[in-house]
Amino acid sequence: MPEAPNQEPAQHEGGDIGKAVLTDAVKQFDLVHTTLLGMVGIVLLLYGAALLPVFGYQPVESAAAAVIMGLAAAIGIAGLYIMNFRVHKHVTEQAQLTEVLVNSLGQAFLTFDNQGVCGKVYSQVCMDLLEGSPSGRPIHQVLRVPEGNKEDFYSWIEVLFDATHALGFDDAVKFLPDSYPHSAGKNVNLLYRPIRDRAERLVSVVVIATDRSEEVAAQERARKQQQFASMICKIFQERNQFITTIAHIREFMAQITKPGLTRDNLSDVLRQLHTMKGAVRHFNLIEFGDTVHDLEDRVRSDGAETDEKMRAVLKEVHARIEKELQDVLSQVKDIISDDEEHRGNVYQINEDAIYDFAHHLQQSGVDHKIVRAYLDRIATVPVRECFKGFDRELHELAQQIEKQIKPLMFTGSNPKILAQPLSELLFSLTHICRNIIDHGIEAPVTRLARGKDAAGTVVVHTDVMTDVDGKRWLHISISDDGAGIDPSRVRQKLSTMDPEGDWRFEDDSAVIQRIFSWGLSTSEAVSDFSGRGVGMEVVEREVKLLGGTIKVSSEIYQGAHFDIRVPYIIDLPEVEASRKAV
């Protein structure tokens, strides 16, 4: 391929530099050999003069000859000194140039031997990146290997220098530290290179330390920009749900600042924090979610000691959440405002205003049919619209833990509902979503081994049912084809939580209903998604507040099925009744 014209001068220049360096190297090579030959000549001259009598020749007796020989020797020695001075000067300059080049790379170089002792040669950058001179020090001290890892560290060094070991150098160095814990927080990366003799035996190891702080900072900035873009897209797609989330957060903050809170309120605080964490992470507010996760741990550990300690912890909770909330709102101030917004021919108004106007119509004596028609046209939404966020969250969570999920499937009818009375319930379904992905849907390789499709399936069925008394119920069922709920694991958890409980006399179908109990989780460890035994209790609580029921059924390795039934709220009196219930 032809080379670009604008690269030719640089290449010619590089070639000229290379020739100059080669010529200079040849000159220095000849100079060294000339010096050696001169020294040999002087030694032979003096030695020959000393040996003249041995071979029957008369020694030098002429003063003139002695002077000439002395001058020749002096001139030769002086010439050799000058030439050696030039060589020394050149070598010094080259050494200085090499040091400048090495230090300009911003990398720290040092070596250590098979005893783990650092050599005397190192680059000046070591003083900064490794925070001191490594010369003569044990390598574990230079790299700040934790005391508990010191023995393993030197075991791997022995492996490095053991030519008979099955592991080669490139494999063994993987077990040495790959980063240095810099006290100033710099991100220092460590690499190891071998130095071998002519017999290919390892004689020492070079450690190369590189400051990656700027690179890592750039990656972090890029990650935050991507996170911000994702957040903005989600808010645009689910603006109403985001506003609802903000309202829930403000309501929670108002509740925890009320006087008279005691440890009796602890479970409710934890429940709301757990739900809030899932909600903010749904909008990709990662730092906000991490803060809530930390606060959840803090309330659980410190808030349960005394009522006074709990109120002090909640004060901290309020301050930190307020800060996170204000940071988020400042980022989206151009998207979300407190005022009504005009978007072409679409007006966005507060949902409460819709219901307040319905009340105004009713109190003004307007025909009830008109009030109901108003709500039906303005306030109702198809129930499947409320599951858009649920579908998106399924896929995002699955991607985070490297699982696969198919698009959410719907069956049944798509009845219209008044979303506001059901908002708390719909908000809590994030916990079912997270449990399906974390506990239910298996990893692709596991699903294939069980004869399933690598991607899991989640089905939402919705319809309206009428009981024998003529009361209508909104029926929502959520099913997955995952691992199911193992009754034996539920019993194992219950045996620790409530050894003498009635669960001992329940069959499998009854005992798995216990997953709705406070504090019960079949997970072995707490994760960002589940494991605290709070989420499912939140869902059951919201269902019961509406006067409904929730039940779970399951078959091992076939999946789980959540069946929810709540009053079908479509009229203003039903809205008022639901508000009183809450």
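**Exercise 1.** State in which helix Leu71 lies, and which residues make a nonpolar surface patch with Leu71.

*Solution.* Step 1: Leu71 lies in helix α2, residues 63-104. Helices (H or I, at least four residues) and strands (E, at least two) are DSSP runs numbered from the N terminus. The model is predicted, so local features need pLDDT of at least 70 and side-chain atom pairs count only at pLDDT 80 or more, while totals for chains, interfaces and linings use all residues. Residues are numbered from 1 along each chain as its sequence is written, and side-chain values use heavy atoms, with hydrogens and water left out.

Step 1: Val67, Leu71 and Ile75 make a nonpolar surface patch of about 310 Å². Accessible areas come from the Shrake-Rupley method with a 1.4 Å probe; for residues, only the protein chains shown count as cover.

**Exercise 2.** Determine whether Thr245 is buried or exposed, and list its contacts.

*Solution.* Step 1: Thr245 has its place in helix α8, residues 239-256.

Step 1: Thr245 counts as buried because its relative accessibility is 3%. Buried means under 20% relative accessible area, exposed over 50%, and partly exposed in between (1.4 Å probe, protein chains only).

Step 2: Neighbours within four places in sequence aside, Thr245 is in contact (heavy atoms within 4.5 Å) with Ala279, Val280, Phe283 and Phe427.

**Exercise 3.** Carry out the corresponding analysis for Phe288.

*Solution.* Step 1: Helix α10, residues 286-302, contains Phe288.

Step 1: Phe288 has 2% relative accessibility and therefore counts as buried.

Step 2: Not counting residues up to four places away in sequence, Phe288 touches Ile249, Val280, Ile321, Glu324, Leu325 and Val328.

Step 3: The C-alpha atoms of Phe288 and Asp327 are separated by 9.4 Å, with the two residues 39 apart along the chain.

**Exercise 4.** Describe how strands β12 and β13 are arranged.

*Solution.* Step 1: Strand β12 (residues 549-555) pairs with strand β13 (residues 559-567) in the antiparallel sense over seven bridges; pairing requires that DSSP finds at least two bridges between two strands.

Step 1: Ser554 has Ala560 in β13 as its bridge partner.

Step 2: The two strands form a hairpin with three residues between them, and Tyr557 in the turn has a positive phi of about 70°.

Notes:
Patches are made of residues with over 30% relative accessible area and no salt bridge: like charges are joined within 9 Å, nonpolar side chains (Val, Leu, Ile, Met, Phe, Trp, Tyr) within 5 Å. A salt bridge is a side-chain nitrogen of Lys or Arg within 4 Å of a carboxyl oxygen of Asp or Glu.
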